[in-house]
Amino acid sequence: MSTDLNPFFRHIAACNTATLPGRRLAFHLGATPAGWVTPELLPVLLEHGMTHADGVVTLSDPSRLERIAEDMARQGVYRSHHELFDVRTDVDAPPVARIDRGALPLFGLMAQGVHLNGLMRRADGLHLWIARRSMTKRLDPGKLDHLVAGGIPAGHTPAEALLKEAAEEASLPASLLAHATPTVNIRYALDRPEGLRRDILHCFEIVLPEDFMPRPADGEVEEFSLIPLTEAFRLVRDTDAFKFNVNLVLIDLFLRTGLIDATSPEGQRLRAGLDGWRFFAPATPAQA
């Protein structure tokens, strides 16, 4: 659709602002690398019984992490989300601990979420359901979003989290969601005011019937709109109307639907950019 793909690269760059390790200290759970912490946080971590040697901060008993994070929230170190996430040292590894969602960036721990492209085929072409985020949202209020998106709570698989978010955000019944298919996992490492975000987005896609109408159910969405996919392409290319990480999921969609030529050198670079931080997994100082 467009031969100038340079505008899309800014979204890849904006979601991969973190240099790892940079000046951070490696964070280990037991003997296993898990994340990164800033030197400024070190006094608080030592106060909670962690150790520091040779550029590595270690919590010997990972099961203590949840309580430590609760204490740090009470100290005002971060603002609790009151929602627990599993802590994993690798995307395919079993969870070794749990922690409040708001504390994940403090430790540079991997976080996982789900995103759903809600598509509709019409006579005039492919359309996309999008949401406008509530103005009360802590992150990116009022921005455009996917039909369904959210973090993966502790104890949930990506598919289970998608089912939960679909019902809560868009009143999307399980009978329809059963037709959703996984598409890609997207990774990025981003410096934010709250810390280091190392996110994995588990992306799904569904083609919805023309009589489907999403309805906000939990107050996190102001409204839903159905727009031509070509309009979504324009918005991503020319604006910052979408929440920052939604742009990455839509770039993948454009690559798969041919709006961006996936075989071109630029298309291949965009595809590689969606792999983000997988080349920068936690390492010991000797490996970094």
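The legends below refer to a predicted model.

**View 1. The largest pocket and its lining.** Two or more lining residues are supplied by each of the elements α4 (104–107), β7 (110–122), β8 (125–133), β9 (144–146), β10 (148–151), α5 (158–170) and β12 (195–207). Strand β12 provides the largest share, with six residues. Sorted by class, the lining of the largest pocket holds 19 charged, 14 nonpolar and nine polar residues.

**View 2. The open, four-stranded sheet.** The strands follow the order β2-β1-β4-β3, and their pairing is mixed. Strands β2 (32–37) and β3 (51–53) each have a single partner strand and stand at the edges, so one side of each is left without a neighbour in the sheet. From one strand to the next, the twist averages 30°.

**View 3. Strand β1 between its two partners.** Strand β1 (residues 25–29) runs parallel to strand β4 (residues 56–59), to which four bridges join it. In this pairing, His28 stands opposite Thr58 of β4. Strands β1 and β2, by contrast, run antiparallel and are joined by five bridges. Here Phe27 stands opposite Gly35 of β2. The two strands β1 and β2 form a hairpin with two residues between them, and Gly30 in the turn adopts a positive phi of about 65°.

**View 4. Backbone details in two loops.** The peptide bond that joins Leu20 and Pro21 is cis, with omega about 5°. Pro21 belongs to the loop between α1 and β1. Asp54 has a positive phi, near 55°, although the residue is not glycine.

**View 5. Helix α8 against helix α1.** Two packed helices are described by the angle between their axes and the distance between the axes. The axes of α1 (residues 6–14) and α8 (residues 246–257) come within 9 Å and cross at roughly 140°. Angles over 145 degrees would count as roughly antiparallel; α1 and α8 are therefore oblique to each other. In passing α8, helix α1 makes a left-handed crossing.

**View 6. Helix α8 against helix α7.** Helix α7 (residues 229–238) and α8 have axes that come within 11 Å and cross at roughly 130°. The pair α7 and α8 is therefore oblique. The crossing of α7 and α8 is left-handed.

**View 7. Helix α8 against helix α9.** Helix α9 (residues 265–273) packs with α8 at an angle of about 140°, and the axes of α8 and α9 lie 10 Å apart. Helices α8 and α9 are therefore oblique to each other. The crossing in which α8 passes α9 is left-handed.

How values were computed
Residues are numbered from 1 along each chain as its sequence is written. This is a predicted model: local features need pLDDT of at least 70, side-chain atom pairs count only at pLDDT 80 or more; totals for chains, interfaces and linings use all residues. Side-chain values use heavy atoms; hydrogens and water are left out. Two strands pair if DSSP finds at least two bridges between them. Axes are lines fitted to C-alpha atoms, for helices over the stretch in contact, and angles run from 0 to 180 degrees between N-to-C directions. Ala, Val, Leu, Ile, Met, Phe, Trp, Tyr, Cys and Pro count as nonpolar, Asp, Glu, Lys and Arg as charged, and the others, Gly among them, as polar. Angles under 35 degrees count as roughly parallel, over 145 as roughly antiparallel, 65 to 115 as roughly perpendicular and the rest as oblique. A crossing is left-handed if the near helix is turned anticlockwise from the far one by less than a right angle, and right-handed if clockwise.
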